[in-house]
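Student: Could we go through this model together? I would like to begin with how the inside is packed and then move on to the folds.

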Amino acid sequence: MRYLLRRLLHAVLVLAGVSVLSFLFSEMSPGDYFAEMRMMPQVSPETIAAQRAQYGLDRPLPIRYARWLQSVARGDFGYSFAYNAPARQLLGVRARNTLLLTGTAVLLSWMLAIPFGIWAAVHRRGWARRAFGVGTSALLAIPDLLLALALLMLVVRTRILPVGGMFSVNVAEMTSLGKLQDLAAHMLLPVLVIVLGTLPALLRHVRAAMIEVLDAPFIRAARGHGLPENWVLFRYALPVAANPLISLFGFSLATLLSASLLVEVIMSWPGLGPMLLEAIFARDLYLVIGAVVFSTLFLLAGNLVADLLLYAADPRIRTEKA
Amino acid sequence: MSHDRRIWAIAAVLIFFHAAAIFADFLAPYDFAAQDRGMAFAPPARLHFVDNTGVFHLRPFVYGIKLRQGSLTEYQEDRSRPFPIRFFVTGEPYRVLGLWNSRLRCFGVDEPGRILLMGGDGFGRDVFSRLLYGGRVSLFSGLLAAGLSLGIGLFLGAFSGFYGGWLDDIIMRVSEVFLALPWIYLLLALRAFLPLRVDPADAFFLLVGVIGFVGWARPARLVRGVVLSARERTFVLAARGFGASNSYLLRRHALPPALGVLLTQAALLVPQYILAEVTLSFLGLGVADPVPSWGNMLADLQQYHVLTSYWWMLIPGFALLPVFLAYYVLANLLHQRVKSLVL
């Protein structure tokens with residue numbers, strides 16, 4: 001339990017660090033949302049000053065931060081100037097969409113990475129090794145941006161899948177099963193891009209972790225006892241190899257969110273990414289900070305899940321005296 | 001091929017790419033901003049060897065193109081007059097390395113012909129020329145940003161590993177925050193708080209600064225690890241016993257093993273940072289038109305009709321592939337080399 005508490009504390013500290021950093025950066029920022037209004041002749045300087053005072057932008061940094069913390073405690077996560085609404089209302093929906101996209105992609109890429117990685121670890125010599133090396137290197141060298149654009153171009157030309165957004169225009173008329181199918185069709189392409197982007201690194205790690213375990217004496221002993229090969233692989237080797245992989249799961253989420261942002265923008269998936277970009281262009285300060293904090297929350301939640309899994313999977317951690 | 005030779009061979013390939021960008025003025029037939037509204041989204045030029053009368057020419061030539069009758073987007077060749085490709089022609093003036101003026105361009109065709117080897121963009125600008133000029137921004141921002149974050153990483157990592165104490169703790173905790181965050185979100189957040197509209201030269205250095213700053217954590221931790229292990233080695237302890245100063249120990253014993261690690265790290269970081277620049281410019285937060293970067297060239301593809309109809313606009317994306325592959329191979333080779341030295 002001590003271990004989990006420590007991880008939780010760490011997560012809170014990271015979150016605090018991120019929010020403080022965002023506010024510090026925002027202090028350096030020239031101009032704000034209301035500076036753009038100054039160009040409009042029909043808005044008087046007094047109105048702008050009053051607006052700024054209303055949102056507390058004229059206050060010094062520590063007070064603004066304290067006010068923001070208050071609004072986080074209320075569950076609002078600051079206020080969007082452009083939408084005139086609490087940031088959480090806006091970000092909540094977007095975060096759910098991003099979660100749907102990345103969650104599916106994570107699930108799919110691990111479901112592919114584990115069997116293929118194990119296969120590559122077992123067949124570690126000869127043509128299989130070479131094919132694996134060439135395949136993962138090639139995928140590693142293809143940037144997500146190119147992958148997304150090229151696949152999108154292909155799909156747009158062949159019209160085999162719908163592109164853009166989450167649903168078709170006529171979604172309101174569909175049955176719930178039809179809606180689900182429509183959603184799946186729209187998700188296929190973005191998920192594919194994210195999976196292809198994250199897969200090579202995962203494959204390599206699964207293979208490396210498995211190879212290390214397969215060379216251990218206890219595996220040779222198990223084989224020497226004549227246990228069936230699948231039994232050896234999945235019952236004896238995989239649980240031991242799982243430890244570094246679960247840590248990797250936590251780490252890989254950051255890369256995944258980055259890939260997801262780009263894919264969301266390119267495929268116009270209504271997730272956190274496009275909203276963050278929009279907020280940046282509008283200089284919508286609290287929405288930017290809100291989006292960054294939300295993405296950090298995701299990440300930390302994912303890391304906590306990884307820690308829990310580790311705790312459940314590895315008895316060495318449970319007995320560790322922290 | 002021996003290991004070192006392979007390293008040099010791959011380095012030569014990379015030098016070739018960068019040199020092509022540096023000498024874009026000479027290699028590109030046109031200036032990056034030279035427009036020709038009559039050739040908007042013109043397809044890549046077709047090189048011909050056989051003319052109308054069936055005679056074979058050793059010197060390839062192109063035909064002028066014009067819009068097909070009744071179409072706004074489709075071009076057809078005007079076969080009445082061939083434009084042979086000539087080498088070392090005089091083109092638009094430029095300054096060589098900022099020192100002297102020149103008009104010499106590697107190849108081109110006679111006026112009023114125009115040769116667009118990789119087609120034209122929406123303003124009829126030559127994609128091939130823009131690709132070369134764009135390499136200046138994209139390739140070198142990656143290189144400089146990697147230099148910057150390795151510099152910061154080397155300084156902080158060596159400091160933190162060698163002196164330890166509470167400063168070490170703070171530096172490491174902050175680096176954890178930087179590592180934990182998704183890098184695009186971090187980049188965007190930092191970029192969000194800097195001016196949106198800046199002129200190209202400033203934008204370039206802004207990008208280098210932002211990307212380099214965001215990436216300092218990993219090299220810092222690597223260097224710290226190397227320095228930490230070097231500090232405990234017996235020969236370092238012996239040197240300290242003989243009265244060697246801290247700065248001498250750092251310089252002579254702690255940093256040399258870190259350099260190999262840093263070099264490998266550099267080969268891994270540069271492609272990531274090139275991609276960071278391309279991504280930011282793609283999203284409209286980097287270098288702005290008319291100055292090309294591979295990212296803002298790709299940004300045209302955010303328009304639906306460009307995506308559906310003009311495949312050659314994707315070329316800057318494909319240009320990333322050989323560059324990335326070369327850097328990854330180099331990183332691999334360097335990694336093996338460093339490992340063989342240490343063990």
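Student: Which residues have the most contacts inside the largest nonpolar core?

Tutor: Keeping in mind that this is a predicted model, the largest nonpolar core has 173 residues, and those with the most contacts inside it are A:A148, A:V288, A:A291 and B:L187. Both domain 1 (45-115) and domain 2 (130-342) of chain B give residues to this core, so it lies between them.

Student: What is A:A291 in contact with, leaving aside its neighbours within four places in sequence?

Tutor: With those neighbours set aside, A:A291 is in contact with A:L91, A:L272, A:M275, A:L276 and A:A279.

Student: Back to the domains, then: what separates the centres of domain 1 and domain 2 of chain B?

Tutor: Taken over C-alpha atoms, the two centres in chain B are 40 Å apart, while the C-alpha trace of chain B spans about 90 × 45 × 35 Å along its principal axes.

Student: And how many helices and strands are in chain B?

Tutor: Chain B has 12 helices and five strands, and buried residues account for 42% of its 343 residues.

Student: New topic: in which sense do β4 and β5 of chain B pair, parallel or antiparallel?

Tutor: Strand β4 (residues 86-96) and strand β5 (residues 100-108) of chain B pair in the antiparallel sense over seven bridges, with B:R95 standing opposite B:N101 in β5(B).

Student: Which residue takes a positive phi in that hairpin?

Tutor: That is B:L97, with a phi near 50 degrees, in a hairpin that has three residues between the strands β4(B) and β5(B).

Notes: Residues numbered from 1 in each chain as written. Chains lettered and ligands numbered in written order. Predicted model: local features only at pLDDT ≥ 70, side-chain atom pairs only at ≥ 80, totals over all residues. Domains from an automatic or database assignment. Pairing = 2+ DSSP bridges. Helix = DSSP H or I, 4+ residues; strand = E, 2+ residues; numbered from the N terminus. Buried ≥ 20, exposed ≤ 12 C-beta atoms within 10 Å, placed from the backbone. Core = buried A, V, L, I, M, F, W, Y, C linked by C-beta atoms within 7 Å. Contact = placed C-beta atoms within 7 Å.
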